[in-house]
Amino acid sequence: MEAIKAKNIYFSYNTKDVIKNVSFSLEQEEFLGIIGPNGAGKSTILRILCGILRPKTGDIFIFNKDINDIDKKTLAQKIAFVPQETHFALNFPVKDIVLMGRFPYLRAFQREGRKDLEATKHALAYAQVVEFRKRPINSLSSGERQRVVLARALAQEPEILILDEPTSHLDLHHQYAIMELLKKLNTEGMSIIIVNHDLNLASLYCQRLVLMHKGCIFSKGTPQSLINEKTLNDVYKTEVKIIKHPYKNVPQIFFHPKGE
Amino acid sequence: MFKKLRWLRKIHISCAIFVIYTIFSNCYCDKPSVKPGFKIVSISPAMTEILFAVSAGNDIVGVTTFCNYPEAAKKIYKIGDFSNPSVERIVGLKPDIVIVNLPEQMRIKKQLEKLGITFFVSSPKSLNDIYKEIADIGKIVKKERGADSLIHYMKMNIGPSEHKRKKSVYIELSPRPLVTIGAHSFLNEMLEMAGGKNVFSDLNKDYPVISQEEVIKRNPEIIILLHPGNITDRLAWKKIAAIKKDKVYTNLNQDHILRPGPRLVEGFKELQRIIRE
Amino acid sequence: MNKFVPVILIFLLAIFVSIMVGPAQLTSEIIQLRLSRVILGIFAGGILAFCGGVLQGLFGNPLVEPYTLGSASGAALGGSIGILLFGTISPLFAFFGSLGVGFFVFTVARIEGGLLRDRLILAGVVMSFLCSSLVMIIMVMGGRELYEILYLLMGYLGIIINAENRLFIILMIVLSAVLMLFLYRYHRELDIISQGLETAAGLGIDIQKFSVIIFLITSLLIGLTVSLVGAIGFVGLVIPHISKLLFGPKHLYNLPASFILGATFLLLADTVSRIITVYELPVGVVTSLIGVPFFIYLYRK
């Protein structure tokens, strides 16, 4: 049984087709990366998969159940979404923000119970933001904020985690920390889809990649089979040099400055 | 011979044109009729009544849609309503004098000043103001005798009457918010003369907005409503003397009371009747 | 929340002061009159501040106030039309004017399958302008009734309570209690929506449905309030900010606090307006006059 199965998805903003006939699936406990140039439709497909946008046509199944038959709160108990960047209009303390991840489990006027507080505590620890828990969110750096958002997603206790470029705007250390955290979650059984512009990171951490181009799927496969100089030149119109990672058997990309 | 005939034909044609012109200009009712002599435009319904009363009604070439008395005033060319007259229409009439009301027509007054049109300001705050304005306008329209007799008639009929005790009166112009009359109003003076005492005569305004609490506190013996409405069902008003004794009057003719013109005489008589009752 | 204790104490004090202070001697009639005024003040101030808080939360925009969506100018237009036709302001006309404009804004902002939040604000602002100019036309055409529209625009609590609007007041109190409780159910959604629509949708909130519910209920509440006491300004815009300053961003706490603070503030403003002059002053004037310096002081602190 696949965690997510998307069949023949079409989507358009106004009249412009952004997603054209996209089909793919996420196996359980898989770490899947979606890559592709800007405007390829990566972020859009993510939002369709977690129910934020509705596809024009096509079917999505979450654990073999049609997404339209799943109540929105129930869906949020299964899938958590981490947006690329969150703007915090109100300056909540970190622990309140993480506690909001329990929303799908709570009815109106129901107070957060012990289970909710425990899940929150667990999520705070997992995302390594315990030390900030009393600080207002807007006093944190963007790397710390991103980890808080991740903690909120973990407090949802989802089975599938969907992340939109979680490492953009982050420095080397924070990029590494987030990716390692995701890897750890994955080994503990979480199915993950990540959109990433950093092909080297995607290649290092993802088990399988989906390369999107102009709203279609260009190719699918393991990093080793998918990342090669010809494909990248076709899709990104960029000449690159590819060598193998020194410790892992995955391709890594190097730029090739002109005239050298 | 022929020459003479052609000359005659010219006269014929011009006569025909003139006839057609007069017919058309008369048919087109909205066009002001051209009158010889002194021309008055009155944007004040009270002044319209006064002008008719001093027999200068024939000199009026323009009035407002509010000028509904006497009957003849309704047939005069309309230059707009009381608060929004059309300056263009006024100018088109080429009046010798325009009568404006202040403070409501401040804007018009300023425009007339700019255009160099003579105007007469009517803004009476007391009965004496009204008499003075009648005398002044009488001079301007050269109807001094008419003005004198009108003033005489009004003074004869509106005068202090003997009363042992003055009854307190509350006059309500509008219910939301509560608007009444203050000291600076001819109506305040008329009430006093008719044997009443305006409960808000201590307020130095002409039309103050007041609170319910003040009305209840001042506990008037007579209430006069100058708007369609009911006040007996108002919360907390039931203990007011006027309501307890059923002394609430609603069916007064507003134009007899609020319009500072000759018909104040009728209004005064109505007030006297109410207070004497 | 122990911060609620002083706030409620001040609230009770404000009620006491409004009943005790005034030009006339305390008789049973005067108490009756002031009590009705206090009840109007509590509900008008409370509803405006509460709805302001909800709308600022929904739109994630601190400049949104209850009148942004056009209800106030709609009520003014309805009231003016009432004046034009019957000579006096009837709350019924103001109410339907408010609902009519709300409905129009709603249809403009509606898209296939939902509602556009930004378009809602824009449509509301545009409709406000349209209504204001229509009101101006009526104001210029009418003479003495100018007062009435002015007071409807600025708002005042000293309205006459008679058989006609008694029903309206009871309806407002009962309905607003129920509707505000219903809105309060969504305190968590409002917390979450402050982090953006995608986050909210990702956590299982149906944004479209949610926006429609909030819009309809707040429009109804504000329409009821404005048609009775006029468009009292300032309370709905600033009290939610003060409430957030004192009680934090959590709507669970700051929405009820908004209600109490709004009611307290309006009662005090009304008491001031009653004692400084024998004339009836629009309370909207006083709310801004004493509210703005207070707000600046609080914000700089």
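## Chain contacts

Two residues are in contact if their C-beta atoms, placed from the backbone, lie within 7 Å. This is a predicted model: local features need pLDDT of at least 70, side-chain atom pairs count only at pLDDT 80 or more, and totals for chains, interfaces and linings use all residues. Residues are numbered from 1 along each chain as its sequence is written, while chains are lettered from A and ligands numbered from 1 in the order in which they are written.

Chain B brings 28 residues to its contact with chain C, and chain C brings 29 residues. On the chain B side, the elements giving two or more residues are β6 (178–179), β8 (209–210) and α9 (212–218). Helices (H or I, at least four residues) and strands (E, at least two) are DSSP runs, numbered from the N terminus. α9(B) gives the most, with 5 residues. By class, this side of chain B holds 14 nonpolar, 7 polar and 7 charged residues. Here Ala, Val, Leu, Ile, Met, Phe, Trp, Tyr, Cys and Pro count as nonpolar, Asp, Glu, Lys and Arg as charged, and the others, Gly among them, as polar.

## Chain A and its partner

Chain A meets chain C: 23 residues of chain A are in contact with 17 residues of chain C. On the chain C side, α8 (187–193) and α9 (197–202) are the elements that give two or more residues. α9(C) gives the most, with 4 residues. The classes on this side of chain C are 4 nonpolar, 7 polar and 6 charged.

No contact joins chain A and chain B. Their closest C-alpha atoms lie 39 Å apart.

## Two domains in chain B

Chain B is divided into domain 1 (40–157) and domain 2 (167–276). These bounds come from an automatic or database domain assignment. The domain centres, taken over C-alpha atoms, are separated by 27 Å.

The contact between them takes 14 residues from domain 1 of chain B and 15 residues from domain 2 of chain B. On the domain 1 side, α2 (45–53), α6 (127–140) and α7 (144–157) of chain B each supply at least two residues. α2(B) gives the most, with 5 residues. The domain 1 side divides into 10 nonpolar, 2 polar and 2 charged residues.

## The sheet of chain B

In chain B, 4 strands form an open sheet in the order β7-β5-β9-β10, with parallel pairing. Two strands pair if DSSP finds at least two bridges between them. The edge strands, each pairing on one side only, are β7 (196–198) and β10 (248–249) of chain B. Strand β9 (residues 222–225) of chain B is joined to β10(B) by 2 bridges, and the two run parallel. I223(B) stands opposite V248(B) in β10(B).

Two helices lie against these strands. Helix α8 (residues 186–193) of chain B lies across β5 (167–172) and β7 of chain B, at about 150° to β7(B). Helix α12 (residues 264–276) of chain B packs on the sheet and touches β5, β7, β9 and β10 of chain B. The direction of α12(B) makes about 145° with that of β9(B). Axes are lines fitted to C-alpha atoms, for helices over the stretch in contact, and angles run from 0 to 180 degrees between N-to-C directions.

## A residue of chain C

T218(C) sits in helix α10 (residues 207–229) of chain C. T218(C) counts as buried because 25 C-beta neighbours lie inside 10 Å. A residue is buried if 20 or more other C-beta atoms lie within 10 Å of its own, exposed if 12 or fewer, and partly exposed in between, with C-beta atoms placed from the backbone.

Leaving aside neighbours within four places in sequence, T218(C) is in contact with C51(C), V54(C), L55(C) and P66(C).
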